[in-house]
Amino acid sequence: PVASVLERGGVKIARDDVVRDEPTNNIPDTIFTKLGQQLHRRSQHPIGILKNAIHNYFDSNYENKFDKFDDLCPIVTVKQNFDDVLVPADHVSRSYNDTYYIDPQTVLRCHTSAHQAELLSKGYTQFLVTGDVYRRDSIDSTHYPVFHQMEGVRVFSPNDWESSGQDGTAYAAEDLKKCLEGLARHLFGAVEMRWIDTYFPFTDPSFELEIYFQEKWLEVLGCGVTEQEILKRSGNSNNVAWAFGLGLERLAMVLFDIPDIRLFWTTDERFTSQFSEGQLGIKFKPFSKFPPCYKDMSFWINESFTENNLCEVIRGIAGDLVEEVCLIDNFTNKKGMTSHCYRVAYRSMERSLTDEEINELQWKVREQVESKLNVVLR
Ligand code: PHE
């Protein structure tokens, strides 16, 4: 197993280097097998095609001045992932329920912002970082525990804004919005966009960009003016910067009409053969949709129950055959016991599933939900 992980591409940790039984490690096999796959470095894969298109936008608008990183190790310290970007000590994103921990000091990065502080300290002033990021989450067509982000950072010095008559923050915010609106037009053509004010620990002010697509407003990125404390610690006291983080799957689903996030991981040629290097205009033609199979499951929960843990158990057994896990009923009885009913949708994107194999999966799911989550099946 050690060799096979190394072969899968450059990730400097072997699976057996980690004490897997440590209760502080919450990384399942389904996640381990994703390390090193680096979809963003495959030029024929939608994620790689999109990364290259964004690189091209920055190359042509900024005279090749952005440094690009797409091979930074996804295994980072808690300090890099959280402390260095000012995530508060009690922020939910630090919990074992939300983040994959290798040990109490080491995580699979949950965002590419984990590399901001280090690159700023090394003196980089304009850069893009693309990589796989990992988050424990629920299961549906737009959520998968591994996805890809691109981080962008640009630093300004007083010279840049002084002649504009604006202060540094206003100047950076304006430049940021212009840059990202231009990127959205480059990728999507003429689209309706809107800015939403939001909160991130590492930027102030902070914004999200939404794009109107298929009759819905879709959030495509988070960004803002970098907190001064981050710049100060990196030796940029007099400077001002902006940063953004965009979700590549989200953008690629819109760009290429990809209906389900699991498709990015399939090796089925009916998917992979539809995309080619440098081609942004391709629309994915779904191969026939195979029938779903629904299984309901009810149980009494305990205080430690979380939906993320349930989803991980199900994903551990069914892998990519699980399409959605949805809470369909929730009540508390007179004794104060709470019951949840979840509907699990199983569907393969490649073939029809048999009743037999689904029944077998569901049987295992019920067994493990009871033993691992300490709930009582009804
Ligand atoms: N890291 C944020 C996220 O993953 C996105 C972000 C990056 C926001 C940089 C602001 C600045 O949601």
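These legends describe close-up views of a predicted model.

Residue numbers start at 1 in each chain and follow its sequence as written. Because the model is predicted, local features need pLDDT of at least 70 and side-chain atom pairs count only at pLDDT 80 or more, while totals for chains, interfaces and linings use all residues.

**View 1. An open sheet of 7 strands with mixed pairing.** The strand order is β1-β5-β6-β10-β9-β8-β7. Strands β1 (67-69) and β7 lie at the edges, each pairing on one side only. Neighbouring strands are turned by 25° against each other on average, direction ignored. Strands (E, at least two residues) and helices (H or I, at least four) are DSSP runs, numbered from the N terminus. Two strands pair if DSSP finds at least two bridges between them. Axes are lines fitted to C-alpha atoms, for helices over the stretch in contact, and angles run from 0 to 180 degrees between N-to-C directions.

**View 2. The parallel pair β1 and β5.** Strand β5 covers residues 126-134. It is joined to β1 by 3 bridges. K68 stands opposite L128 in β5.

**View 3. The antiparallel run β7, β8 and β9.** Strand β7 (residues 193-200) is joined to β8 (residues 203-213) by 7 bridges. The hairpin between β7 and β8 passes through 2 residues. Within this pair, I196 faces E208 of β8. On to β9 (residues 216-226), β8 pairs over 9 bridges, again in the antiparallel sense. Here F213 stands opposite K216 in β9.

**View 4. The shell around the ligand.** Which residues surround the ligand? They are H111, S113, E151, F200, F202, T203, G222, C223, G224, A243, F244 and G245. A residue is near a molecule or strand if its C-beta atom, placed from the backbone, lies within 6 Å of it. Strands β9 and β10 (240-247) each supply at least two residues of this shell. By class, the shell divides into 5 nonpolar, 6 polar and 1 charged. Ala, Val, Leu, Ile, Met, Phe, Trp, Tyr, Cys and Pro count as nonpolar; Asp, Glu, Lys and Arg count as charged; the others, Gly among them, count as polar.

**View 5. Helix α7 on the sheet.** Helix α7 (residues 168-188) lies across β6 (146-156), β7, β8, β9 and β10. Its angle to β10 is about 30°. Contact requires C-beta atoms, placed from the backbone, within 7 Å.

**View 6. Helix α3 packed with α7.** Helix α3 (residues 46-61) meets α7 at an angle of about 125°, and the axes are 10 Å apart. The two helices are therefore oblique to each other. Angles under 35 degrees count as roughly parallel, over 145 as roughly antiparallel, 65 to 115 as roughly perpendicular and the rest as oblique. The crossing is right-handed. A crossing is left-handed if the near helix is turned anticlockwise from the far one by less than a right angle, and right-handed if clockwise. From α3, the contact takes A53, I54, Y57 and N61; from α7, G182, L183, H186 and L187. These comprise 5 nonpolar, 3 polar and no charged residues.

**View 7. Helix α11 packed with α12.** Helix α11 (residues 307-318) and helix α12 (residues 355-373) pack at about 140°, with axes 9 Å apart. That makes α11 oblique to α12. Their crossing is right-handed. N309, L310, V313, I314, I317 and A318 of α11 meet L361, K364, V365, Q368, V369, K372 and L373 of α12. The contact has 9 nonpolar, 2 polar and 2 charged residues.

Key: Contact = placed C-beta atoms within 7 Å.
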